[in-house]
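Dear colleague,

Please find below the structure that I am handing over to you.

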Amino acid sequence: MNEMKREAVAYIALGANLGDREHSLREALAKLNAHPEIRVAACSDIYETEPVGYTDQPQFLNMAARVASTLAPQDLLRVMLDTELEMGRVRDVRWGPRVIDLDLLYMEGFEMDSPELTLPHPRMGERLFVLIPMADIVLPEHSRLHAFVHRALGTLDGKEDIRKWTRFS
């Protein structure tokens with residue numbers, strides 16, 4: 001008997017600060033959406049932000065996407081990492097410049113802490129460049145996540161330089 005896989009909602013943070021940053025964000029989303037087990041359901045606006053951690057680098061464009069996927073979290077992460085590699089991501093400086101960065105922040109129905117993946121993302125509530133785009137698209141029916149995002153926003157106001165770049169369309 002052919003079993004239907006359950007579709008889970010996941011939230012992904014996207015960032016880019018090398019090359020055509022906006023094009024890189026859109027290309028990554030198109031690549032994810034082209035995967036047969038991933039559907040991009042909603043995208044936040046795009047925000048320009050100062051680098052965090054390693055600051056001697058160009059400004060980032062950041063956004064978030066809500067996707068629906070039948071993949072297990074580790075498999076979704078692998079697709080995301082493969083997408084980064086296909087697009088030329090090089091990991092040589094921690095928090096350094098990158099053509100694309102994809103982070104799995106949250107996946108409905110999953111909590112885990114393994115060497116390759118922690119869900120929810122442990123630093124999700126510490127960065128405005130994640131929280132502000134998430135607030136654009138988080139579903140109220142994900143009440144714990146919705147409340148977390150909005151509560152965390154109140155504690156971080158003004159700690160990073162972030163401004164809207166463009167509406168995503």
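Leaving aside neighbours within four places in sequence, Leu 14 is in contact (heavy atoms within 4.5 Å) with Leu 25, Ala 28, Leu 29, Leu 61, Asn 62, Met 63, Ala 64, Ala 65, Asp 101 and Leu 102. Please note that this is a predicted model, in which local features need pLDDT of at least 70 and side-chain atom pairs count only at pLDDT 80 or more, while totals for chains, interfaces and linings use all residues. Residues are numbered from 1 along each chain as its sequence is written, and side-chain values use heavy atoms, with hydrogens and water left out.

A nonpolar core is a set of buried Ala, Val, Leu, Ile, Met, Phe, Trp, Tyr and Cys residues joined through side-chain atoms within 4.5 Å. Buried means under 20% relative accessible area, with a 1.4 Å probe and protein chains only. The largest nonpolar core has 29 residues, of which Ile 12, Leu 14, Leu 25, Leu 76 and Leu 104 touch the most other members. Two or more residues of this core come from each of strand 1 (8-16), helix 1 (21-34), strand 4 (60-69), helix 2 (73-86) and strand 5 (101-107). Helices (H or I, at least four residues) and strands (E, at least two) are DSSP runs, numbered from the N terminus. Strand 1 gives the largest share of this core, five residues. Apart from this core lies another, of 21 residues, including Tyr 11, Met 124, Leu 128 and Val 138. In soluble globular proteins, nonpolar side chains tend to be buried together.

**Leu 145**

Leu 145 lies in helix 4 (residues 143-156) and is buried, with a relative accessible area of 4%. Not counting residues up to four places away in sequence, Leu 145 touches Tyr 11, Tyr 106, Met 124, Met 134 and Val 138. The C-alpha atoms of Leu 145 and Leu 81 are separated by 24 Å, and these residues are 64 apart along the chain.

**The chain as a whole**

The chain has four helices and eight strands, in the order β-α-β-β-β-α-β-β-β-α-α-β along the sequence. The radius of gyration, taken over C-alpha atoms, is 15 Å, close to the 15 Å that the globule rule (2.2 Å times the number of residues to the power 0.38) gives for 169 residues, so the chain is as compact as a globular protein of that length. Of the 169 residues, 46% count as buried.

Yours sincerely

Key: Buried means under 20% relative accessible area, exposed over 50%, partly exposed in between (1.4 Å probe, protein chains only).
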